[in-house]
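Please brief me on this protein chain.

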Amino acid sequence: MSNFLGKPYIPDSEKERLEKLKSYYALDNFEQSGTFQHVAIMAARIFEVPMAFVNFVDEQSILIKASVGYSGVSEVKRELGLCSLAILKDEVTVFENAKREPSFLTNPLVHGEFGLEFYAGAALKTPDGFNIGVIGIADKKPREFSKSEEQLLAGLAACIIDELEERQTLLARLQNGTPGNPG
């Protein structure tokens, strides 16, 4: 499958990646978005951008689990979203001026009504190496993004994975009848 860039956006390990994503119950409607929402708010404030989000990428969609500045949007078609590109690599994906990227000429999120110009996304990489989603920030104006800012965004991604891992461990304990550690 190819996206608006005419390039593949499905990783070779897609089946295993989706299994890992489902193992976190991240696609369910449970109330974990409180933590994710706090991280999205922090990201918007830290980077001084109007938009921040925590997304998970399933078979067909990019599911927005927490956001700042994306009112009323809960998902984006996978082939259109820049997060589909961000999960393909381990380093932070940055487009400082997306409207000047020749490959985005047909992307409606960039050249359409939404008008996205800046995007930075850090993959949510599980301990066993699967990129299941993205924490990202965006703006409707171009901006520079330094290596230290990339590292900070990657650190926020690691916090989200830590939260998912902790939740997965707690659910496993509850399913096995083992009480959690209160300390």
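Predicted model: local features only at pLDDT ≥ 70, side-chain atom pairs only at ≥ 80, totals over all residues.

Residues are numbered from 1 along each chain as its sequence is written, and side-chain values use heavy atoms, with hydrogens and water left out.

**Overall build**

- The chain has 5 helices and 6 strands. These are DSSP runs, numbered from the N terminus (helices: H or I, at least four residues; strands: E, at least two).
- Along the sequence, their order is α-α-β-β-β-α-β-α-β-β-α.
- The chain has 183 residues, and 45% of them count as buried. Buried means under 20% relative accessible area, exposed means over 50%, and partly exposed is in between (1.4 Å probe, protein chains only).
- Take the contacts with a separation of 6 or more: residues 24 or more positions apart account for 61% of them. A contact means heavy atoms within 4.5 Å.

**Strand β1**

- β1 is largely enclosed by the rest of the structure, because 7 of its 7 residues are buried.
- Met51, Phe53, Asn55 and Val57 point one way, while Ala52, Val54 and Phe56 point the other way.
- β1 runs antiparallel to β6 (residues 131-139), with 6 bridges between them. Two strands pair if DSSP finds at least two bridges between them.
- In that pairing, Asn55 sits opposite Val134.
- β1 also runs antiparallel to β2 (residues 61-68), again through 6 bridges. Here Val54 has Ala66 as its bridge partner.
- A hairpin of 3 residues connects β1 to β2.

**Salt bridges**

- Side chains of opposite charge can pair when their charged atoms come close.
- The whole structure holds 8 salt bridges. Each is a side-chain nitrogen of Lys or Arg within 4 Å of a carboxyl oxygen of Asp or Glu.
- Arg17 pairs with Glu14, with 2.9 Å between the closest N and O atoms. Both residues are buried.
- These two lie 3 residues apart in helix α1 (residues 14-23), so about one helical turn separates them.
- Asp90 pairs with Lys125, with the closest N and O atoms 2.8 Å apart. This pair links distant parts of the chain, 35 residues apart: Asp90 is in the loop between α3 and β4 (93-95), and Lys125 is in strand β5 (residues 118-125).
- Asp90 is exposed because its relative accessibility is 52%. Lys125, at 36%, is partly exposed.

**Single residues**

- Arg78 is in the loop between β3 (75-77) and α3 (83-86). Its relative accessibility is 0%, so Arg78 is buried.
- The Arg78 side chain reaches the backbone oxygen of Asp58 at 2.9 Å.
- Glu48 is in the loop between α2 and β1 (51-57). Its relative accessibility is 65%, so Glu48 is exposed.
- Most residues other than glycine have a negative phi. Glu48 is not a glycine, yet its phi is positive, about 55°.
- Met42 belongs to helix α2 (residues 33-47). At 40% relative accessibility, Met42 is partly exposed.

Methods
Polar contact = N/O pair within 3.5 Å; in protein donor to acceptor, adjacent residues only side chain to side chain.
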